[in-house]
Amino acid sequence: KNKTLIDRYLQAKGFDKEYYTTVLRKFEIGEITNEEMQRVINDVAMAMSSGKQIHMGIYSKYGNIRFLNQEGNLKCSTNTWSEGDGHAVYITGICQMGFIVSSWGEKLIIPFEDLMNSGSFIISASEIIDKTNNITQKLN
């Protein structure tokens, strides 16, 4: 759905470019091992270093995922938010505690341990490709 809208926008502006989104990781059930989580972190780091925009969908069906402020204090969680069953965020960085995300106009941290225990999230990477020169451009 988003791809079609963005591609139409790019065409209308005269750009010979195309929007792509790739699912990096998707977990729906159970707990994630340390090794699996390390692979998720590595995949996100590699995608970010290549200029891709990283977004994550978080779902509240299996466990509690916290959103912490920069001091480590609770902003909200999947148990207390008013977002319904899911919420989307942009991953803007990685710290020792978790993914740094942009959500609700704030810089927040989603702890790795919460993702490992909830097992219900999807991480995707997006980019715009110049069709004539095969040049990747970072989304703004």
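# A tour of the aromatic pairs and the nonpolar core

Three aromatic pairs turn up here, where rings of Phe, Tyr and Trp (its six-membered ring) pair if their centres lie within 6.5 Å, with planes under 30 degrees apart counted as stacked, over 60 as edge-to-face and the rest as tilted. Before you start clicking: this is a predicted model, in which local features need pLDDT of at least 70, side-chain atom pairs count only at pLDDT 80 or more, and totals for chains, interfaces and linings use all residues. Residues are numbered from 1 along each chain as its sequence is written, and side-chain values use heavy atoms, with hydrogens and water left out.

**Stop one: Phe-67 and Trp-104.** Select both rings and you will see an edge-to-face pair, 5.0 Å centre to centre with 65 degrees between the planes. Phe-67 sits in strand β3 (residues 66–68), while Trp-104 is in the loop between β6 (98–103) and β7 (106–111), 37 residues apart. Helices (H or I, at least four residues) and strands (E, at least two) are DSSP runs, numbered from the N terminus. Is Phe-67 buried or exposed? Phe-67 counts as buried because its relative accessibility is 0%, whereas Trp-104 is partly exposed at 33%; buried means under 20% relative accessible area, exposed over 50%, and partly exposed in between (1.4 Å probe, protein chains only).

**Stop two: the hairpin.** Stay on Trp-104, which takes a positive phi near 55 degrees in the hairpin of β6 and β7, with two residues between the strands. These strands run antiparallel and are joined by six bridges; two strands pair if DSSP finds at least two bridges between them. Pick Ser-103 to find its bridge partner in β7, Glu-106.

**Stop three: Phe-99 and Phe-112.** This edge-to-face pair is 5.0 Å centre to centre, with 85 degrees between the planes. Phe-99 belongs to strand β6 and Phe-112 to helix α3 (residues 112–118), so the pair ties together parts 13 residues apart in sequence. Both Phe-99 and Phe-112 are buried.

**Stop four: the core.** Which residues have the most contacts inside the largest nonpolar core? They are Met-37, Met-56, Phe-99, Ile-110 and Ile-123, in a core of 26 residues. A nonpolar core is a set of buried Ala, Val, Leu, Ile, Met, Phe, Trp, Tyr and Cys residues joined through side-chain atoms within 4.5 Å. The largest share, five residues, comes from α2. Finish on Met-56: leaving aside neighbours within four places in sequence, its contacts (heavy atoms within 4.5 Å) include His-87, Phe-99, Ile-110 and Ile-123.
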